[in-house]
Amino acid sequence: MEPAQLYLVAIDRDPEEAAQIAKATAKRLENKELILLSLTKSLGEYLTNDDRTIRAKAIGFYATVLTALPPSLLSSAQGTSEILHPLEDEAGLKEVCHGLLAIAGMSRFQPEDAQMVARSVLKSCDLLKQPQGSRYLVYQVMDKILSEQREALKRMGPDFATGYVELVANEKDPRNLMIIFSNLKVIIVEFDIEDCEEQVFDACFCYFPITFKQPPNDPYGITAQDLKDRLRECLQVSSKFAVFLFPQLLEKLDSHSANTKKDVLQTITACALTYEKSIIANYWATLWDSIKYEVLNASDDDLAFEALDAIRAIAKSLSAKLTTVMRTSSLDKYLRAVTKECLTQLRNPTAKQAKPSASILSAVAVASPVAHATTIQAVLPGLSTTYDGLEEIAKQRSMLQAMLPLFDATAQVYGVWGDIEYPPSLNNSLEAFKDNLFEIYSRALMGSAKEEVSFRLAGLNGLTKMSRIKNFFADNEIGLIVQFFDEIVLTDEKDEMRDAALESLLILSRLKPSLIMEITFPAFMAKLPDREEDEKSYDMTLSALAQLSVERPVFQVLLTRIFNKLNIVLNNKSGPGYPFALLSSILYVLRRKHETGKDISTHYTRIVPELITRTIIPLSNGSSGNALSHEAVLEVTGNIASLIIRAMDVEKQTEVVGELFKIFVAQTESAIITSDKEIVAKEFKPLGEDTSLQQASTIIIFASAVAATRREVTLPLDNLQKFVEKLVLLSRTPKSPGHRRALLRLIAVIINKYFTTPEDRAFLAKSTDEMWEAVKSADSPETASSLPALFWIAKALALRNDKLADPIVGRLLGILDNKDLGVAVGRGFEVLLSDDPLLSKENFAVVRLLSQQKLFVFCVPKLVEGFKAASSAAKKNYLHALSSIIRNVPSKLVLAEIDTLLPLLLQSLDLEDSGIKTASIDTLSVTVTEAAGLVSEHISSLITRLLAASSPSEVNTVKVRSAALRCLSIFPSALKIDVVIPYKRQIMRALLKPLDDPKRSVRKEAVECRARWFALGEPKEDD
Amino acid sequence: MSDIINANPTILNPSDLPTRSESRKKQSSSAHIADKISRLPTSKSLLYDPFSYYPGEDSAYSSGGSDQDEDDDEDETAAEDIDEQEIYDLISTISDPEHPLSLGELAVINLPHIHVTHAPPTPQNPHPMSHVLVEITPTINHCSLATVIGLGVRVRLEQALPPRFRIDVRIREGTHQSTEQVNKQLNDKERVAAACENETLMGVLSNMLATCK
């Protein structure tokens, strides 16, 4: 059988096999075993068959063969005519197109062939009858020949363009339109369409505006934006379209649809930026007349924004090639119209149109240096005169605010301090008004009544914005402004003013750090007292200093000054509060630096040895130390050390940790101690059993520092197990709770990071077994002294999903009902799941994904079961443990188990423990929204308990009451109306009492809650 | 309400409205940082250790590393009376029926025009009656919406104040051409009750009250 015949037989039964047949045929052609002529001959009878499906299949075969041929094989005329012949035949359109695509890709496809194909396609297709898939192929063929043989098509003259436009008329399919738009763009740009411009334009513009909405699950993934972008490219690509486009666009701008308006404005912007300047010069007047309306009377910020873009684009286009202000230029005419209009509006600066007018002015001012100069020269004299004539402060304020965008525009054109780009060659026109502006904005800020906050803010903003502009104010002028701001930060009674002034100083600290260091720092430091006083005397100043010191040179100055101050304060026998604040401000800056991606490890030398030495030396002299050895201050010092060490690499960390171990463990001389090394080595024994409380407490610093080490760092000890044993032993007889917590954290950190070998784990199993034996037989929390260590070890292990944690936690759960230890164990669960600042991922601890979830899943069933069996006295231990766990896991986890937990949560509301109560109510609040159905079943008892919790008592603290009211206020919106409405009267009545709560914050919640329930409407009478 | 009665009222800037000054830590970011830097942790949270618990102590949930709650260690016992600022906060956020602005911003409600009086509590009567007088200033003196605004204020206060408060809402002397008439309407219990039965009116009111914070 002939291959054609074989193919026709196979195609319906097995397309795969048919494809194989065609491929084999192609191979034979390639190997010259077959010539094309005989193939076409053999197809002949099918191609003329009366049955159109057979005709189509035959062409399909032919096309498949052609596609499989290497592109260089066929000589030109071969095949083309055969395949084109049946183009009038609608049956095989798809197959014909496949064939054409194959032929057009052949290297010997000739210009004449291309013209022939184009003519046939354009002539013979009534495309709208075809399904969109077939049309797609036709467009692809056109696309292909347009890219392969563009010159040949151009030679066809306007026929091609008009033909194409007719071909694609009324096409609506987005995928097809994507091809059409890109082809049209080629035609517009490269073809001679002078005679049919309007026709081509209409072919594009008839799609404007695109209203297509992408259907869900759209297989082609074409968005409305894709279509808009392609269409816009067609419209903007030729200036010749302006004559048709702009009038029609402006007509469409009257549309009520925001979408259409937005599209119109974006198109105008795009065209203004690409059309020739001479064209825009013809149209700016009509464009401006319509577009300004969209800004001045905007109801929609988004649209106003687009309109401003368009106004700016026109100015940009008209600025082309201009280097100086020219009175006769089209730009000048345009800007004269714009500025005149805006100036008129701004005469009454409180009117609605004033602010939009100011936006317009700044929009044109950023278009180019010349536009900036023209605008500034045109408006500033007028604005200043108007300002001088204003009497009401509200109007003056609005005027000052209206000029602010112009300063931003100037900064955009002329750059801000520190910019490395060259400024425009044209002089900054704003300079002529510099003194006047400085004067009126300064007067507004410093010379008006303190109550005029928004007026003063306008002054402050103006000065800030002008100070930013490069080469505008001289340094002494900015220095004066910095002094104004300093004064406000230090003395103003309005928070808003202080915050804004500080914000401005922050901006200036980046642009002009030297001025901040020279002016602000001395002024602020002078405000800091030399001895501890009421905290108000230094907190705001320190806060301001800390915020200003993120830049490196400024921070260096801050460090010097703070350390000096610290010396003075300590010499004056300060309490811990002030030194705490001084160090906290250093910590704050380090954190900020770290957050903004700066390397803070380089600050080690300046800070860490200094602080550790200052803390330890007094303790080594046999005294009980100074304020630096207060636990709160030790925590800050530890945090500072931890943060800096964390940022170091392995090598540097190894070195620092080595030194730290010398001080705290080995008691040898260390390089960290900057003076009296020998005394420290001799006298400082924080891990000694008979050491003082103050020396022992410094372990807080040590634990924080060691916790920050990377896992690759080897701790400088021969026997880590022995060291942990020693720490556990110390933790059983702590000098203070803080001391114990530091020891336990240190144990947990070491175990979590370093106890990974089988030997280490065997050691842990053995020692926790021993601890458990001791705990189990204890008869009071005091004698069960290993209990805390057990919890912390379990925590360290659980975090890395270590199975060793399970037996420990299991045993602890088992003694919740123990009458001597149950209470302590219940509280211990707070440790288990809470986030610990030292044992964290940032500190390189092993924190496995889902470790909390695992622990939660492990504990909850045991807790629920134990709770049911427990004596009534022990029940609250279970609730305490449960509450600690729930507070520390994502609410999603809790919700998964809420069926079993809800009864326990409800009972926990009856406990006499504010903490548990608040936690349970918070969980319930999530539950109400997330598990409304379940809550509905318990609604009655829930409402009773929440109302009870909202009345003041020893247990129902402000937090409990607020939480209860907040929870109640969720009900009306979260639950079904017929579930809640029966309770409305009860609740409205009961809430009258919290309306009279002694605490304002509770009353506020009550008012809100009552309003929500009130809004429910009336219950039906028969309810 | 198709015709706007006062199309161009004077507007106060939100930052110029009176607020309770003690809430500074909530308003100002800088003050918040100041607080963080200088607030020495209370010994309670610093020394807090679940393993050294003494019965009777608050279990100090605010410790344990979460610093978000640390700043409201409020004094549990000190009572805070309902004062003028609190009344102002309740009603200044009501929306004007014809502008998308609050009564505070339009200076219809002003702090100096609110008066709260508490009778001293006696052993026989620990919760004596209190009285609140709110004088509203219409934006223009022929404002026909003054009654509606007054009613809105009244309804809001009735919902938000405990029953021991007597509420008096009046038009400020000399700010409206028919002050007396409006005042009569606003303080006549039966007329107010009748107004609250009117569904259209209640619709307007609930829109006004929807913005209350």
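This is a predicted model: local features need pLDDT of at least 70, side-chain atom pairs count only at pLDDT 80 or more; totals for chains, interfaces and linings use all residues.
Setting aside neighbours within four places in sequence, I found F971(A) in contact with V928(A), I939(A), L942(A), I943(A), L946(A), V980(A) and W1013(A). Contact means heavy atoms within 4.5 Å.

F971(A) is also listed for the largest nonpolar core, which has 414 residues. F160(A), Y334(A), F829(A) and F971(A) have the most contacts inside this core. I take a nonpolar core as a set of buried Ala, Val, Leu, Ile, Met, Phe, Trp, Tyr and Cys residues joined through side-chain atoms within 4.5 Å. Buried is under 20% relative accessible area, exposed is over 50%, and partly exposed is in between, with a 1.4 Å probe and protein chains only. Domain 1 (28-72) and domain 2 (82-209) of chain B both give residues to this core, so it lies between them. These domain bounds come from an automatic or database assignment.

**Ground rules**

I number residues from 1 along each chain as its sequence is written, and I letter chains from A and number ligands from 1 in the order written. Local features need pLDDT of at least 70, side-chain atom pairs count only at pLDDT 80 or more, totals for chains, interfaces and linings use all residues, and side-chain values use heavy atoms, with hydrogens and water left out.

**Chain B**

I read eight helices and three strands in chain B. Their order along the sequence is α-α-α-α-β-β-α-β-α-α-α. Helices (H or I, at least four residues) and strands (E, at least two) are DSSP runs, numbered from the N terminus. Chain B has 213 residues, and 45% of them are buried. Of its contacts between residues at least 6 apart in sequence, 68% join residues at least 24 apart. Chain B exposes about 11400 Å², with 51% of that from carbon and sulfur atoms. The areas come from the Shrake-Rupley method with a 1.4 Å probe; for residues, only the protein chains shown count as cover.

**Helix 28 of chain A**

Next I checked the length of helix 28 (residues 552-571) of chain A. At 1.5 Å a residue, its 20 residues should span 28 Å, and the end C-alpha atoms are 29 Å apart, which agrees. The expected span is 1.5 Å times one less than the number of residues. Its buried residues include V554(A), F555(A), L558(A), L559(A), I562(A) and K565(A). Their cover includes helix 26 (513-527), helix 27 (539-548), helix 29 (577-595) and helix 30 (604-620) of chain A. Just after helix 28, K573(A) takes a positive phi of about 55°.

S962(A) sits in helix 49 (residues 958-974) of chain A. At 6% relative accessibility, S962(A) counts as buried. Beyond four places in sequence, S962(A) is in contact with V1002(A) and E1005(A).

E45(A) is in helix 3 (residues 36-47) of chain A. I noted E45(A) as exposed, because its relative accessibility is 55%.

Most residues other than glycine have a negative phi, and most peptide bonds are trans. N801(A) is not a glycine, yet its phi is positive, about 55°. I found N801(A) in the loop between helix 39 (787-799) and helix 40 (805-814) of chain A. At 27% relative accessibility, N801(A) is partly exposed. F844(A), also not a glycine, has a positive phi of about 70°. The peptide bond from F208(A) to P209(A) is cis, with omega near -10°. P209(A) lies in the loop between helix 12 (197-205) and helix 13 (224-236) of chain A.
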